[in-house]
Amino acid sequence: MQKDAQGVWTAAYGEFVLGTAFQPIFRFENGRLTPVACEALLRVSRNGNPVLTDAFFSVLDKQAFTALEPELRRLHIRNAAHVPSPERRLFLNFDPRVPEHPVRFERALRDLGDELRSAGISPADIVCEITEAETQNKAALTHFAYELRARGYMIAIDDFGAHASRPDRVAAIAPDIVKFDGKLVKRMLQTPSGIATLRLMVQQFDREGINSVLEGLEALWELSPAESTGAALVQGYALAAPRLAGPQFGAWLAQYRPQPQTPATTLVKTFR
């Protein structure tokens with residue numbers, strides 16, 4: 001990894017340059033939206049031209065992906081220095097196959113803790129997003145969630161309703177947060193029956209002490225029905241697009257804060 005003159009970290013992988021973008025996550029608050037966290041997202045370029053993230057991952061074999069995955073979290077944590085402290089609560093992706101290999105599992109947790117300490121970020125301000133990839137060892141995934149929680153991290157299931165992010169994974173992990181898949185959200189927000197079903201799902205998670213995030217909001221008309229579901233949090237291009245890490249990120253994010261700003265202390269208090 002290397003840091004440029006503006007304090008932005010990048011990494012090289014062959015001919016690819018890897019960087020960080022952050023997308024704000026918003027909370028409904030008295031009829032307004034307040035940014036309360038940011039999801040760290042990979043951005044890839046080659047010869048100065050952007051490359052789709054999925055296209056980049058498609059060129060990696062399993063061994064290469066396994067080696068690179070924890071390095072991406074390190075990259076994002078270092079770039080979090082550009083996120084203002086009120087929103088410096090990071091959603092970081094974890095592949096659910098990490099705990100299937102105990103040595104890699106322990107090293108990933110150790111490296112994550114070391115990187116956070118160097119950055120001055122508390123584990124309480126990290127949400128570990130378990131992605132929708134399939135895993136063959138559910139017991140290992142349950143243990144992984146236990147170890148994360150024991151170290152003070154929050155846990156989210158990403159893209160609920162897609163691939164392996166199903167109710168049985170929720171039961172196995174008992175997450176703090178469920179992020180609904182954007183395609184599912186878009187489809188359900190288009191009809192009264194879909195909105196009603198989504199509302200019932202959000203209410204069920206709420207009874208279990210699980211916060212809901214509606215992802216993938218891309219049109220302004222989706223905000224009102226999204227709020228009517230009772231979901232605490234929303235994310236999507238209709239609210240704010242991902243923005244590359246850099247010294248101007250704080251000023252850009254400030255425009256989304258309602259005035260006067262309600263101070264947010266901890267992630268749990270903010271969400272609940």
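Q: Where is Ala-238 found in this structure?
A: In this predicted model, Ala-238 sits in the loop between strand 11 (233-234) and strand 12 (243-244).

Q: Which residues does Ala-238 touch, and how do you know that they are contacts?
A: Leaving aside residues up to four places away in sequence, Ala-238 touches Leu-217, Glu-218, Ala-219 and Leu-220. These count as contacts because the criterion is heavy atoms within 4.5 Å. As for Asp-176, the separation from Ala-238 is 62 residues in sequence and 25 Å in space, C-alpha to C-alpha.

Q: Why is Val-83 called buried?
A: The relative accessible area of Val-83 is 1%, and the term buried applies under 20%. Val-83 is therefore buried. The residue belongs to the loop between helix 2 and strand 6.

Q: What does Val-83 touch?
A: Phe-22, Cys-38, Arg-88 and Phe-249 are touched by Val-83, not counting residues up to four places away in sequence. Val-83 and Gln-248 are 165 residues apart in sequence, and their C-alpha atoms are 9.5 Å apart in space.

Q: What makes Phe-22 buried or exposed?
A: Phe-22, a residue of strand 3, has a relative accessible area of 0%. Since buried means under 20%, Phe-22 is buried. Between Phe-22 and Tyr-146 there are 27 Å in space, C-alpha to C-alpha, and the two are 124 residues apart in sequence.

Q: How do you know that the span of helix 2 is close to the one expected?
A: Helix 2 (residues 62-79) has 18 residues. The expected span is 1.5 Å times one less than the number of residues, which gives 26 Å for helix 2. From first C-alpha to last, the helix reaches 26 Å.

Q: Where in helix 2 is there a kink?
A: A kink of about 30 degrees is located at Leu-68, shortly before the proline Pro-70.

Q: Which elements do the buried residues of helix 2 pack against?
A: Their partners are strand 2 (9-13), strand 3 (16-29), strand 4 (32-46), helix 1 (53-58), strand 6 (90-94) and helix 3 (102-119). The buried residues of helix 2 include Leu-68, Pro-70, Arg-73 and Ile-77.

Q: What makes a residue part of the lining of the largest cavity, and which residues line it?
A: A lining residue has an atom within 4 Å of a point of the cavity. Pro-70, Arg-73, Arg-74, Ile-77, Ala-108, Asp-111, Leu-112 and Glu-115 form the lining of the largest cavity. Helix 2 and helix 3 each contribute at least two residues to that lining. By class, the lining comprises 4 nonpolar, no polar and 4 charged residues.

Q: Why is the phi of Asp-159 worth noting?
A: Most residues other than glycine have a negative phi. Asp-159 is not a glycine, although its phi is positive, at about 55 degrees. Asp-159 is part of strand 8 (residues 154-160). With 15% relative accessibility, Asp-159 counts as buried, because the cut-off is under 20%.

Q: Why is Ala-174 called partly exposed?
A: Buried means under 20% and exposed over 50%, with partly exposed in between. Ala-174 has 46% relative accessibility and therefore counts as partly exposed. Its place is the loop between helix 5 (167-173) and strand 9 (177-180). The phi of Ala-174 is near 50 degrees, a positive value in a residue other than glycine.

Terms used:
Residues are numbered from 1 along each chain as its sequence is written. This is a predicted model: local features need pLDDT of at least 70, side-chain atom pairs count only at pLDDT 80 or more; totals for chains, interfaces and linings use all residues. Side-chain values use heavy atoms; hydrogens and water are left out. Helices (H or I, at least four residues) and strands (E, at least two) are DSSP runs, numbered from the N terminus. The bend at a residue is the angle between axes fitted to the seven residues ending there and the seven starting there. Buried means under 20% relative accessible area, exposed over 50%, partly exposed in between (1.4 Å probe, protein chains only). On a 1 Å grid over the protein atoms alone, a cavity is a set of points where a 1.4 Å probe fits but cannot get out, and a pocket is an open set with protein on both sides within 12 Å along at least five of seven lines; lining residues have an atom within 4 Å of a point. Ala, Val, Leu, Ile, Met, Phe, Trp, Tyr, Cys and Pro count as nonpolar, Asp, Glu, Lys and Arg as charged, and the others, Gly among them, as polar.
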